[in-house]
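Please look over the model below. My notes follow as numbered points.

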Amino acid sequence: MSPNRAKLQQAVAAVGVIASLAFVGWEIRQNTAVARAAAVQGISDQIIQWQTEVIQDEHWVRITTFLQTGGKYAELSQEDQIRYQWVVSATVRIMENRFRQMQLGIISEDDLAAGGGAANTWWFRSEHFLDSWQSRDQTIRWNPEFLEFMETEILGLR
């Protein structure tokens, strides 16, 4: 084999390796985009499921109507306060899920706010939500890092 032919074969092999690496990089980028899209869809599905369930609960509709027409959290019966706190916990759990996905780099900060998430300040900063939130010791329910984020960025308490 002539030296020129060997050099040509090495150059072709090098181009093949580079092309293969570029293709693998492109595939990884595509798979990452698919994973992010699935995570965003999962977030939307969580909210849709949550909204569908609570709107069918006559107790929740009554509680929401009462609070949105000027009623106070403290005026709810103990039973209704517990119902309200379960809905609050579910909502915050969805936010925690988004927060964790953002930390892992699966979703962006914009995705954190999508579909009633972090941008949903009318709910999270409402008097009744804050009254419910502050009526319980949240440090035993949530990871400190998430709690800091929730109370600073979402609730505006710190």
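1. G105 follows α3, and its phi is positive, near 80°. Helices here are DSSP runs (H or I, at least four residues), numbered from the N terminus.

2. This is a predicted model, where local features need pLDDT of at least 70, side-chain atom pairs count only at pLDDT 80 or more, and totals for chains, interfaces and linings use all residues. Residues are numbered from 1 along each chain as its sequence is written, and side-chain values use heavy atoms, without hydrogens and water.

3. α3 has 26 residues, which should span 38 Å at 1.5 Å a residue; the end C-alpha atoms are 36 Å apart, which agrees. The expected span is 1.5 Å times one less than the number of residues.

4. The axes of α2 and α3 come within 10 Å and cross at roughly 95°. That makes the two helices roughly perpendicular (65 to 115 degrees). Axes are lines fitted to C-alpha atoms over the stretch in contact, with angles from 0 to 180 degrees between N-to-C directions.

5. In this contact (heavy atoms within 4.5 Å), α2 supplies H59, W60, R62, I63 and L67, and α3 supplies D80, R83, Y84 and V87.

6. The largest pocket holds about 320 Å³. A pocket is an open set of points on a 1 Å grid where a 1.4 Å probe fits, with protein on both sides within 12 Å along at least five of seven lines; lining residues have an atom within 4 Å of a point. Of its 19 lining residues, W50, V54, W60, W122 and W123 are closest to the centre. α2 gives the most to the lining, with six residues.

Conventions. Points joined across faces, edges and corners; volume = space filled by probe spheres on them. Parallel < 35°, antiparallel > 145°, perpendicular 65-115°, else oblique.
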